[in-house]
Amino acid sequence: MDRQKTILIVEDEKNIVDILRFNLQREGYRTWEAYDGEDGLSKAQAEKPDLILLDVMLPKMNGFEVCRALREAGDNVPVIILTAREEETDKVLGLEIGADDYITKPFSMRELIARVGANIRRTSMAAPTATAAASAMAVSNNLSINTDSHQVFRDGQAIDLTQREYELLTFLASHPNKVYSRVDLMEQVWNYGYVGDDVRTVDVTVRRLREKIEVNPASPAYILTRRGVGYYFSV
Ligand code: CA
């Protein structure tokens, strides 16, 4: 059996923390709590949770600063940003700085649990399903993926990707030259049944991924756009 997954809740509104804790524990998760950004960052680093639910407006250090600090320290833990309202800039900024997902308050507990599951499941599935044959996937001349260690190399240099960026790259690279729409990618990589207008998430993640793996992100060689259709991995 899997060990019990732990979720760090970083949120300054006690009633929201209470309802999150109650529902997450009922789903079988262990929970940690932090009521300000600084405490959230130090608990994230000390406790190594499997996922972080991160509010944006927090005392001492806001959620974006916490997420940025984690990514700068090389921590790729899945992060779901809790935005206070339907604020497009919050969503995009959150994704730009390396969050994996966001959810808008007020959220339905059912949707939140589904998103937590989608973001955690991918991470925990990765290790046991990696077979010897799949461990090293040379995807192009200069780019390679090691699916055992979850590392990506370009010209022998390791590239630091978030979980979601890694999954998007691996998915596209394992179906070379096949074009996927943003809705396809939301379903296949993000694991969402209902996507609504969240396809914007795909664009931001592709852009971030290009900035990391491409020699010239403005003129990508690996992940290409088929205008009006979607994205594909070019070989
Ligand atoms: Ca808050």
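Is N177 buried, partly exposed or exposed, and what is its relative accessible area? N177 is partly exposed, with a relative accessible area of 41%, where buried means under 20% relative accessible area, exposed means over 50% and partly exposed lies in between, computed with a 1.4 Å probe on protein chains only. The structure is a predicted model, in which local features need pLDDT of at least 70 and side-chain atom pairs count only at pLDDT 80 or more, while totals for chains, interfaces and linings use all residues. Residues are numbered from 1 along each chain as its sequence is written, and side-chain values use heavy atoms, with hydrogens and water left out.

**Overall make-up**

- The protein chain comes to eight helices and 11 strands, with helices (H or I, at least four residues) and strands (E, at least two) taken as DSSP runs that are numbered from the N terminus.
- Of the 235 residues of the protein chain, 50% count as buried.
- Among the contacts between residues at least 6 apart in sequence, 58% join residues at least 24 apart, a contact being defined by heavy atoms within 4.5 Å.

**The calcium site**

- The calcium ion is coordinated by D12 (OD), D55 (OD) and M57 (O), at 2.1 to 2.3 Å; donors are N, O and S atoms within 2.8 Å of the metal, or 3.2 Å for Na, K and Ca, and because water is not among the atoms, sites may look incomplete.
- Along the sequence, these donor residues follow the spacing D-x42-D-x1-M.

**Helices α6 and α8**

- Helix α6 (residues 163-173) is largely enclosed by the rest of the structure, because 11 of its 11 residues are buried; among them are Q163, R164, E165 and Y166.
- Helix α8 (residues 200-213) packs against α6 at an angle of about 85 degrees, with the axes 10 Å apart; here axes are lines fitted to C-alpha atoms, for helices over the stretch in contact, and angles run from 0 to 180 degrees between N-to-C directions.
- That angle makes α6 roughly perpendicular to α8, given that 65 to 115 degrees counts as roughly perpendicular, under 35 as roughly parallel, over 145 as roughly antiparallel and the rest as oblique.
- On the α6 side the contact involves R164, E165, L168 and L169, which meet T205, V206, R208, L209, K212 and I213 in α8.
- By class, this contact of α6 with α8 has five nonpolar, one polar and four charged residues, where Ala, Val, Leu, Ile, Met, Phe, Trp, Tyr, Cys and Pro count as nonpolar, Asp, Glu, Lys and Arg as charged, and the others, Gly among them, as polar.
- Helix α8 is mostly covered, with 10 of its 14 residues buried, including T201, V202, D203 and V204.
- The 14 residues of α8 should span 20 Å at 1.5 Å a residue, and its end C-alpha atoms are 20 Å apart, which agrees; the expected span is 1.5 Å times one less than the number of residues.

**Backbone features in loops**

- N177, which lies in the loop between α6 and α7 (182-188), has a positive phi of about 65 degrees although it is not a glycine.
- D155 is placed in the loop between β8 (151-154) and β9 (157-159); its phi is near 50 degrees, a positive value in a residue other than glycine, and D155 counts as exposed at 53% relative accessibility.
- The peptide bond from K105 to P106 is cis, with omega near 0 degrees, and P106 lies in the loop between β5 (101-104) and α5 (109-129).

- T83, found in strand β4 (residues 79-83), is buried with a relative accessible area of 0%.
- Leaving aside neighbours within four places in sequence, T83 is in contact with V56, D90, I103, T104 and K105.
- V229 lies in the loop between β10 (223-226) and β11 (230-233) and is partly exposed, with a relative accessible area of 45%.
- With neighbours within four places in sequence again left aside, V229 is in contact with V179, Y180, S181 and R182.
- The C-alpha atoms of V229 and R182 are separated by 8.2 Å, although these residues are 47 residues apart along the chain.
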